[in-house]
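This briefing is meant to be read with the sequence and the model side by side. Please look at the picture first, and then follow the points below one topic at a time.

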Amino acid sequence: MPSPIEILPGTLELLVMKALVGVDSMHGFDILRWLRSATDEELVVEEGSLYPALHRMQRRGWLVPEWGISDRGRRAKYYTLTVPGHKELARQEQSWHRYVSIVGKVIAAGAAA
Amino acid sequence: MSHGPVRRLFRIFDRPPTAADAVDLEIRHHIESRAEDLMKREGLSADAALDEARRRFGELEMIRRRMEGGERRHRRDMRRLKSIGQTGEDIRFALRGLRKSPGLAAVVIITLALGIGLNTAIFSVVKGVLLDPLPYPEADRLVWGVGSFSANSQAAVSPPDYLDYRDQSTSFEYLGGRRGIGSYTLTGSEAPEVVRGQSVTAEFFEALGGVPILGRGFTRTDEQQVSRIVVLGHTFWQNRFGGRSDVVGERLTLDGESHEIVGVMPAGFQLFSEPDFFSPIPLHVGGNLVRRFHNLRLVGRLQRGVSIEEAQAELDVIASRLEREYPESNATWTLPIVPLESVFVGGVRTGLMILWGAVGMVLLIVCANVANLLLARGTGRRVEIALRTALGAGRARIMRLLFTESLVLALVGCAGGVGLSFVALRVLRVVEPGVLPRMDEVALDGWVLAFTIAISLLTGLVFGLFPALATSNLDLSSTLKTGGRGAAGSSGRIRGALVVAEVAMSFVLLIGAGLLIQSFAKLRSVDPGFQPDGMVVASVALPEARYQTDEQRISFFAQLRTRLAAMPGVEGVATSSILPLSGGGNDTYVGVPGRLELGSDQQFNSQFRFTSNEFFDVMRIPLIQGRAFGDGDRAGSPPVVVIDQTLATAIFPDENPLGQRLQIDMGEPYEAEIIGVVGGISGFSLALAPGFHLYLPYDQRPIAGQRVVIRTTVDPVTIMNGVAPTVAALDPLQPVSELSAYSEVVDQTVAQPRFQALLLGIFAAVALVLAVIGVYGVLSYLVAQRAREVGIRIALGARRSDVVRLIVRRGLGLTMMGLAIGLVAAFGLTRLMATLLFGVGATDVLTFALVAVLLGGTSLAASYVPARRAARVDPTAALRQE
């Protein structure tokens with residue numbers, strides 16, 4: 001297993017929203033755990049960037065927070081993906097695919113030369 | 001991640017922590033979760049796991065700061081959103097509720113529109129007439145002065161006295177004088193026309209702050225001699241000259257004399273009413289030099305910083321100096337001044353305030369009725385409310401919902417009210433018989449609308465309060481168990497109290513209206529001493545330039561009388577200088593040579609008229625003694641006078657007045673022999689004591705202007721059409737003015753009491769209807785609520801008449817309580833309108849009794865309908881229903 005890599009700037013929000021698609025809602029620690037398992041622990045997400053990112057996205061209206069009781073019986077803040085959040089996710093996914101394909105083309109062209 | 005449903009249940013306890021706590025909580029939750037994870041997966045001790053979790057979290061403080069900022073902003077946004085969302089939700093809820101019962105909503109909105117509309121209309125009048133400042137710059141410095149002496153506090157000021165006051169006082173920046181508006185004949189380009197001119201002194205324009213927009217005003221030089229110059233009123237300038245700016249210097253032919261236009265006043269410049277032109281008064285000429293001729297009324301602009309009391313003190317000093325200097329003319333004469341504003345509103349303030357109070361009461365009755373309706377509905381909605389409460393809506397939230405509903409209703413009613421007030425105001429302008437000053441300035445402006453919105457909100461609060469209190473204070477479980485059919489309890493009591501209040505207020509209004517209507521009827525039934533019905537009046541003012549000699553004037557009017565009398569349907573024609581009850585009057589002093597000298601304290605002040613020989617006959621004023629004027633009473637024959645019974649009794653209580661000589665102040669003393677005594681008449685007003693009257697034969701004092709009275713046997717209108725052509729046949733340049741039926745002229749003198757009685761009558765009728773609806777509504781509801789009880793009673797053998805009695809008794813009980821409270825209130829309140837009453841006391845027993853019977857009777861009828869319905873209750877159906 002190669003050592004985990006740092007997350008690329010600007011992609012954290014995309015990953016968080018992806019984590020929330022299809023689930024009712026998650027609290028921050030769950031999101032972190034989901035990201036780790038979904039990436040086979042190959043991607044490092046820092047708490048120091050996750051929580052400020054959650055609050056930023058909440059402010060932009062992509063997530064709504066709600067207070068509830070966790071399955072461990074503690075008070076926890078749950079995040080749900082909103083309709084604007086879903087739209088934003090689709091937009092970011094699309095631009096990510098373009099980015100990858102462009103970067104891919106550049107790399108392929110370099111290899112051919 | 002499937003813990004959603006469980007968590008949802010707990011969200012009810014969702015009480016969000018503060019922003020800082022929220023961040024802490026979230027971080028702590030994360031660290032604890034991480035620590036647990038570490039303990040499980042890596043087998044660390046609890047302490048070590050916590051340390052490790054903290055280490056991995058990173059720069060705690062920095063992260064917290066970044067989170068907190070976001071959290072705070074977010075909260076602020078959410079709070080705003082939430083309150084907007086909640087209000088929106090409340091309004092949607094209210095509208096949904098109203099749509100569910102459109103009939104009720106319509107009744108409520110129409111009643112509200114009525115109450116709010118009437119209030120808006122009357123307030124706009126109150127504001128325009130009473131509250132708005134007069135349309136003059138610094139109007140608070142303006143004062144009004146009329147001369148006063150021992151017998152009359154509303155006299156006038158003589159020109160010499162005026163000049164002394166103007167020259168000797170220092171309290172005024174300007175002190176101007178004016179005479180009443182007079183009629184002039186304008187000839188020239190078009191057909192002869194009657195125009196209205198007002199004579200004013202120098203400083204009159206300046207005192208009111210009016211600056212001519214063209215040319216100049218009047219100076220003291222203009223007063224030295226008869227100056228044939230005029231300043232045009234703005235409206236006349238616009239209509240006659242199309243607002244031409246080169247009009248100064250042009251000439252107008254007024255009463256056959258050419259006058260030069262020297263100026264034009266700005267739009268709206270006027271005092272009481274706008275004349276076509278202003279002319280200067282030649283204060284230093286002829287009769288204007290006589291101190292006994294009081295014919296000016298003064299308007300002054302106080303110097304800045306001088307109070308009205310200081311000015312009065314100075315005028316009093318001048319008055320007593322004049323009294324010492326000219327004891328024969330100035331004994332007891334003073335010049336009291338009052339704020340100009342009080343002259344405008346003095347006569348109508350009480351009436352308007354009472355009308356305002358009345359519409360306020362109508363609005364309160366509307367509130368009570370709407371509250372009642374909403375209460376009835378609120379009771380029907382108990383289950384809904386109880387459910388909402390059970391589901392966690394707090395009492396505050398429920399009250400907020402109900403209040404929003406009331407406010408939505410009030411605001412819709414407000415919109416309707418504004419529309420209605422617009423109509424009401426237009427109607428009012430038409431109905432208003434010219435008794436309210438400044439009615440043309442009345443408008444629905446921003447202040448009025450603000451007032452309307454304010455009273456609408458207040459209304460919503462008032463009528464929303466009772467339902468909100470009664471409904472939000474429910475016993476949940478019992479309401480849910482009985483399905484909301486339980487006894488009305490406190491809401492029933494509130495409804496009863498509201499009806500009592502309605503009845504009480506209606507009683508007060510009906511009493512007020514009853515007293516005014518009775519006053520008006522009494523006033524109208526006063527015998528004026530002559531018979532105005534079936535008479536036509538007109539005014540013919542001969543211009544002195546064309547009718548210079550007495551013979552010309554005598555001949556003109558003689559011919560006119562003959563020609564008018566020849567018209568079919570005319571029974572008789574007479575002329576007189578002044579007609580009784582037509583708004584004008586001339587008075588003078590009367591003495592008896594050798595016994596009762598003119599100028600003494602005992603001299604009589606009497607109205608006088610110059611009349612044609614047929615006057616008493618045509619007017620149907622009875623001749624009591626002696627004879628009327630005859631053909632022998634002409635120029636050069638011995639002067640004669642006819643006096644009325646009132647004057648005869650006063651001057652000659654124990655003697656035969658016939659053959660006695662009377663001394664009459666006509667500028668110079670004028671002696672005449674009394675040849676007849678006629679019945680007394682009302683001169684100015686049916687409400688005032690008749691006063692003294694004397695008559696002089698026209699042919700001995702042929703003045704230029706006469707009123708024509710025509711006694712007809714047909715519809716006066718057909719005769720009216722023939723008057724102007726008859727005059728034109730005699731003199732094509734001679735106009736006729738003020739042509740109308742005499743009964744209409746007399747009606748005008750009672751226009752104000754009629755107007756007040758009419759308006760208050762309408763308001764009281766509205767109040768009565770509303771109160772009856774209230775009584776009916778409460779009892780209908782009671783019957784519906786107690787159908788089961790009634791059913792049981794009937795099943796147990798109660799007679800249907802017992803049931804009717806039971807319900808009616810409840811209705812009468814409420815009415816009686818309302819009547820009792822209303823009686824006490826009316827005793828206190830009608831006192832305020834004592835000055836508006838005529839011939840009836842403020843606590844007139846008959847009125848009180850009649851109104852009580854009327855109100856009791858109608859509410860008895862209103863109770864009977866639901867009572868009959870109760871008696872028809874089918875016992876089996878009623879019992880099965882529960």
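Two strands count as paired if DSSP finds at least two bridges between them, and helices (H or I, at least four residues) and strands (E, at least two) are DSSP runs, numbered from the N terminus. The model is predicted, so local features need pLDDT of at least 70 and side-chain atom pairs count only at pLDDT 80 or more, while totals for chains, interfaces and linings use all residues. Residues are numbered from 1 along each chain as its sequence is written, and chains are lettered from A and ligands numbered from 1 in the order in which they are written.

**Strand E6 of chain B and its partners**

- Strand E6 (residues 251-254) of chain B pairs with strand E2 (residues 172-187) of chain B in the antiparallel sense over 2 bridges, and in this pairing Leu186(B) has Leu254(B) as its bridge partner in E6(B).
- E6(B) is also joined by 4 bridges to strand E7 (residues 257-264) of chain B, and these two strands run antiparallel.
- In the hairpin of E6(B) and E7(B), 2 residues lie between the strands, and Asp255(B) takes a positive phi near 50°.
- In a regular strand the side chains alternate between the two faces of the sheet.
- E6(B) has a covered face with Leu252(B) and Leu254(B), and an uncovered face with Arg251(B) and Thr253(B).

**Chain B as a whole, and one buried residue**

- Chain B contains 27 helices and 21 strands, and 43% of its 882 residues count as buried (a residue is buried if 20 or more other C-beta atoms lie within 10 Å of its own, exposed if 12 or fewer, and partly exposed in between, with C-beta atoms placed from the backbone).
- Leu770(B), found in helix H23 (residues 751-785) of chain B, is buried because 22 other C-beta atoms lie within 10 Å.
- Leaving aside neighbours within four places in sequence, Leu770(B) is in contact with Thr111(B), Ile365(B), Val366(B), Asn369(B) and Glu502(B), where contact requires that the C-beta atoms of two residues, placed from the backbone, lie within 7 Å.
- The C-alpha atoms of Leu770(B) and Val362(B) are separated by 8.7 Å, although the two residues are 408 residues apart along the chain.

**A three-stranded sheet in chain A**

- In chain A, 3 strands form an open sheet in the order E2-E5-E4, with antiparallel pairing, and the edge strands, each pairing on one side only, are strand E2 (26-27) and strand E4 (63-69) of chain A.
- E4(A) is joined by 7 bridges to strand E5 (residues 75-81) of chain A, and the two run antiparallel; Gly68(A) has Ala76(A) as its bridge partner in E5(A).

**Where the two chains meet**

- The contact takes 27 residues from chain A and 27 residues from chain B.
- On the side of chain A that touches chain B, the elements that give two or more residues are E2, helix H2 (28-38), helix H3 (47-59), E4 and E5 of chain A, and H3(A) gives the largest share, 8 residues.
- That side of chain A divides into 8 nonpolar, 8 polar and 11 charged residues (Ala, Val, Leu, Ile, Met, Phe, Trp, Tyr, Cys and Pro count as nonpolar, Asp, Glu, Lys and Arg as charged, and the others, Gly among them, as polar).
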